[in-house]
Amino acid sequence: MKTILTIFKNDLIGIRKSILTIVLAIGLCILPALYAWFNIFANWDPYANTGNINIAVVNLDEGYTDDSVGTVNMGQSVVDKLKSQTSIGWVFPDSEATAIDGVKSGDYYAAIVIGSDFSYNMFNALTDNFVNPSFTYYENEKKNAVAPKITDTAVSTLKTSINETYIKAVSQELISDIDASDGDLAAALSGNDFVSSLQTVDANLASYQKTIGSIIEANKKLKSNDKLKDVTDKSGKLISQANAAIDSSISDLDSTGSTYYQIKSTLQASMDDIAGNISDLENSAKLAQIKSDADDISEDLENIKSDADDLKKKLDAVDSFIRSLEISKTDAMSSALDRLDKLKVEVDKIQTLTQDTIDKFDTSALDDAETALNSKLSEIAQSIGTVDDTFTNQIIPDMDSIMLNIKNALLNAQNLLNTLNDTISATSTVFDNYKGTIDSMNTSLSDLSDLIGDIRGKIANAIEQINKASDSEVTDMIVSFLNGDSEALASFLSKPVTVEEHYYYKIANYGSSMAPFYSVLAIWVGMTILVSLMKVHVGEADYLKEARPHQLFFGRYLIFFLLSQIQVLIIVLGDLYILKIQSLHPFAFWAVGAITGLTFSILIYSLTISFGDIGKALAVVIMVLQIAGSGGTYPIEALPGFFRQAYIFFPFPYAINAMRECIGGMYHGDLFIYLAELSIFIAVALVIGLIIRKPFIRITHFIEKRMEDTDMM
């Protein structure tokens, strides 16, 4: 111990021998404190001067005019409000192009452009396809790393303010209109009538509340559904299949029409043949010819009867074919079928007349036969004409019209399906955008449901009071119930949720919050400077010839310890009394600084005396790693995985946390836990300086000698 103190005494005498050495020692003690103080002061209140951060605002809003609200320009209202605020440097250029160019050039950190339809969408959002009022935001993220966070916060605050102002204004207008009708309503209702009305209102509100709940649940399901595109794709396939089915139906209809027109052509040909035969008979039914062509006449009559039989069969086939179609149940087809039945009756007449003519034809009475035959043939021709007229002018047009209507209906259905397919495809995109607003919509709906619940509670209370009150008291209760505070209700609707704030270990300012980090960093920097400018090895002297390594280690370390503690004292006193940081436990704050100085000084001293310049470099590397990953600025949880895993092996986090206990307030025994963890590094330093150092003494001496030989290091 005597040797250790002797070395320490000689070091003090050595410093006192020269004024330059004393000045240098004082400078080494003050320099780390300046590093800490300037950084703490620079971060004292970084948000106090955000008024110097320029954000451009351009209003292109054309305003909105309505009978109920008059002429309003919400964009101009926003601009007027911003002009009175100083927390941000709001500037108002003349055009959108100027604002955007200013953002690109760096004149503005950001720009807001209020669109021309801002007011219109604000007053028509619920009636015009839910188009939200919006403004366009431009930002220059290159200019500064932190500024975008400030501008983003400013814009978010502006958006919230606009929403609150709009909801409050509309709600107050609505409630005021309701209040204006209170007198008439109260006069029109007796107590019982009013209770009945309240019960009806309550039932309606309950229904609305249930509907709102259903919408919220549906929104939740919609948001959680990640298969919407699969559903729309499937719907598209189903629509394609339906289109194919319609195409097939149209094809079948065309085939049916083809069959129908074939039957129609065959029937027409048969009737034309019959009419031709009758015409031939009429032309040849002269008495002179009858005598010579009796056999031919009989054969022609047989042909007519045979053609009539074929015609009857074809009409029966047409009748069966039409009745097999779905369209046979329509009124138009029923009428056509009735005509077809009459047509078959006329053909029956042709068959009967022809058979009668054949049966009664007598060549012996040719004179009388000519007149009778002409009469029969006229009747047959008349029936044929009736059949042909009915078929051509009534049945055929009806069938054509029905076929055309069915085909047009199928084509219209196909067009509708194609439109539906386009709509479903667009719906996927709509719902993708809609998801982004589901959360805010659900919040608003929940707030509305809560408001309805509150109103229902008031209704129930009013009903209970009215039922208990006398008739003379009922009217007063009705008026009291109806006359609400529109301002209070509007304020509630605009800001339905209030926050009751509680802060534990509240810090007065940002500078005080950052003081632990910069103070701990300054202590490390101070010791690093000391080992860089002062020798860690004791020089040769006669009284040291018998000194042991541990005596040399501690003997020289004491001067570093003393200077490090002076550095710590200056840093702490400057923090407390020059910067006046918050510290609920100032003495404990100094004690933590002293233990931190002890830990850092012996650790850096051990690295340097054991490994020479390499040890100094290690001290710098450790400092750099701890600046990034000690949790002094950003939370450990927010850092990359390497730092989250490695930070526990460095001393900074424990020293910083211990100082925070002194500044913000202590929680149980956390301070002593942090100090105990910090002290582990003292043991590590002693192991390095007293044990690990020994095998490296010669190697370190050799490296230092070679570096000196270069005349550069």
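**Exercises on a predicted model**

Helix α16 spans residues 510–533, counts 24 residues and reaches 34 Å from its first C-alpha to its last, close to the 34 Å expected at 1.5 Å a residue. Helices here are DSSP runs of H or I with at least four residues, numbered from the N terminus. The expected span is 1.5 Å times one less than the number of residues. The model is predicted: local features need pLDDT of at least 70, side-chain atom pairs count only at pLDDT 80 or more, and totals for chains, interfaces and linings use all residues. Residues are numbered from 1 along each chain as its sequence is written, and side-chain values use heavy atoms, with hydrogens and water left out.

**Exercise 1.** Describe the bend, the cover and the start of α16.

*Solution.*
- Step 1: At P516, α16 bends by about 35°. The bend is the angle between axes fitted to the seven residues ending at a residue and the seven starting there.
- Step 2: Of the 24 residues in α16, 19 are buried, which leaves the helix mostly covered. Buried means under 20% relative accessible area, exposed over 50%, and partly exposed in between (1.4 Å probe, protein chains only).
- Step 3: At the start of α16, a side-chain oxygen of N509 comes to within 3.3 Å of the backbone nitrogen of G511.

**Exercise 2.** Is T608 buried or exposed, and which residues does T608 contact beyond its neighbours within four places in sequence?

*Solution.*
- Step 1: T608 belongs to helix α18, residues 586–611.
- Step 2: Its relative accessibility is 2%, so T608 counts as buried.
- Step 3: Beyond those neighbours, T608 is in contact (heavy atoms within 4.5 Å) with V531, V536, G615 and K616.

**Exercise 3.** Classify the ring pair Y557 and F561.

*Solution.*
- Step 1: The structure holds 13 aromatic pairs. Rings of Phe, Tyr and Trp (its six-membered ring) pair if their centres lie within 6.5 Å; planes under 30 degrees apart are stacked, over 60 edge-to-face, and the rest tilted.
- Step 2: The ring centres of Y557 and F561 are 6.1 Å apart and the planes stand at 45°, so this pair is tilted.
- Step 3: Y557 and F561 are about one helical turn apart, because they are four residues apart in helix α17 (residues 549–578).
- Step 4: Y557, at 4% relative accessibility, is buried, whereas F561, at 29%, is partly exposed.

**Exercise 4.** Which parts does the pair F560 and Y605 tie together?

*Solution.*
- Step 1: The centres of F560 and Y605 lie 5.4 Å apart with planes at 45°, so the pair is tilted.
- Step 2: F560 is in α17 and Y605 in α18, so the pair ties together parts 45 residues apart in sequence.

Methods: Helix = DSSP H or I, 4+ residues; strand = E, 2+ residues; numbered from the N terminus. Polar contact = N/O pair within 3.5 Å; in protein donor to acceptor, adjacent residues only side chain to side chain.
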